[in-house]
Amino acid sequence: MQRKTCIGLILCGLIFLGGFLFKGSLSFYFNIASLMIVAGGSATAALLSFQLERLSIVFKVVRSSFGSQLKSEAEIVDILINLAIKSRIEGILSLQQDEDQTSIHFLRRGLGCLVDNYEPHQIRDILNTEMYFFKLRREDSERVLRTIADFCPAFGIVGSVAGLIPMLAGINDTAIILKTVPLALTSILYGLVFANFFFIPFAANLRERTNRELLLQKIIMDGILAIQSEVNPTVLRTKLLSFLTPADRRADLVPLSRIRERFHIQVDDRFDPDSVDDRPGPAVS
């Protein structure tokens, strides 16, 4: 996890817990019976709904999404440009070394297709299939997380009902009421916290990471096909920069003065951004 994200998560978590401590003690919100009902019920429902292998895969995917950092789009573009230059100088087969060294699975798959001399339509079909089933697997993991998030509030209500029944049965006994009211209230609290503080954010984070990985895979696929077609690295760089945000490629924009010179455009100096005087004007009192 990135350092800034980790710091922000800790600060927000402390603020969240501080809200519970502001007017009371943290022990007021801890009830082992409520925790057993919500956690045990949700886990049982999850095991009845999904195979244990599927839940294990979801756990690994969530852990990976928080534990590993993706390369940026600019870094992927630089890698592809370097590969394009190497391919033009040393040939496609020189990429065999890069295939063995790269840690990006999708890029390694594409380089393998290049080294094995696949046709362009075959490379596109293979990589598109890889992207399609990657997206399906991630959507399935996200569906599991959102389903478990739906279980938690439901079992919070179960715990609440379990607390209300003995309370109503002992309506004339103050001791019974004092024992059962915390069970009824904390069960709903635990269900809402588990759903909205853990499982729904995990699912949202997984969707965001999946969308970003699909963008990186699209960049890689276009770069691999361009390398196979022996596109000029400068042209390839211009094409791949289209995937980046304007802020990431601002330095690569052609100055307006060159555009005017190339197309013989006459512009009034009053509306010329390149002719604006940066000297400070007179002070205004």
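## Exercises on a predicted model

Leaving aside neighbours within four places in sequence, Ser 160 touches Ala 184, Ser 187 and Ile 188. The model is a predicted one.

**Exercise 1.** Classify the ring pair of Tyr 132 and Phe 133.

*Solution.* 
- Step 1. Two quantities describe a pair of aromatic rings: the distance of the centres and the angle of the planes.
- Step 2. For Tyr 132 and Phe 133, the centres are 5.1 Å apart and the planes stand at 80°.
- Step 3. An angle over 60 degrees counts as edge-to-face, so this pair is edge-to-face.
- Step 4. The structure holds 6 aromatic pairs.

**Exercise 2.** Identify the elements that give two or more residues to the nonpolar surface patch.

*Solution.* 
- Step 1. List the members: Phe 16, Leu 17, Leu 21, Leu 26, Phe 197 and Phe 198, with about 520 Å² of accessible area together.
- Step 2. Assign them: α1 (3-21) and α8 (174-228) each give two or more residues. The largest share, 3 residues, is from α1.
- Step 3. Check one member: Leu 17, in helix α1, is partly exposed at 43% relative accessible area.
- Step 4. Phe 197 and Phe 198 also belong to an aromatic cluster, together with Phe 66, Tyr 190, Phe 194 and Phe 202.

Definitions and conventions. Residues are numbered from 1 along each chain as its sequence is written. This is a predicted model: local features need pLDDT of at least 70, side-chain atom pairs count only at pLDDT 80 or more; totals for chains, interfaces and linings use all residues. Side-chain values use heavy atoms; hydrogens and water are left out. Patches are made of residues with over 30% relative accessible area and no salt bridge: like charges are joined within 9 Å, nonpolar side chains (Val, Leu, Ile, Met, Phe, Trp, Tyr) within 5 Å. Accessible areas come from the Shrake-Rupley method with a 1.4 Å probe; for residues, only the protein chains shown count as cover. A salt bridge is a side-chain nitrogen of Lys or Arg within 4 Å of a carboxyl oxygen of Asp or Glu. Helices (H or I, at least four residues) and strands (E, at least two) are DSSP runs, numbered from the N terminus. Buried means under 20% relative accessible area, exposed over 50%, partly exposed in between (1.4 Å probe, protein chains only). Rings of Phe, Tyr and Trp (its six-membered ring) pair if their centres lie within 6.5 Å; planes under 30 degrees apart count as stacked, over 60 as edge-to-face and the rest as tilted. Contact means heavy atoms within 4.5 Å.
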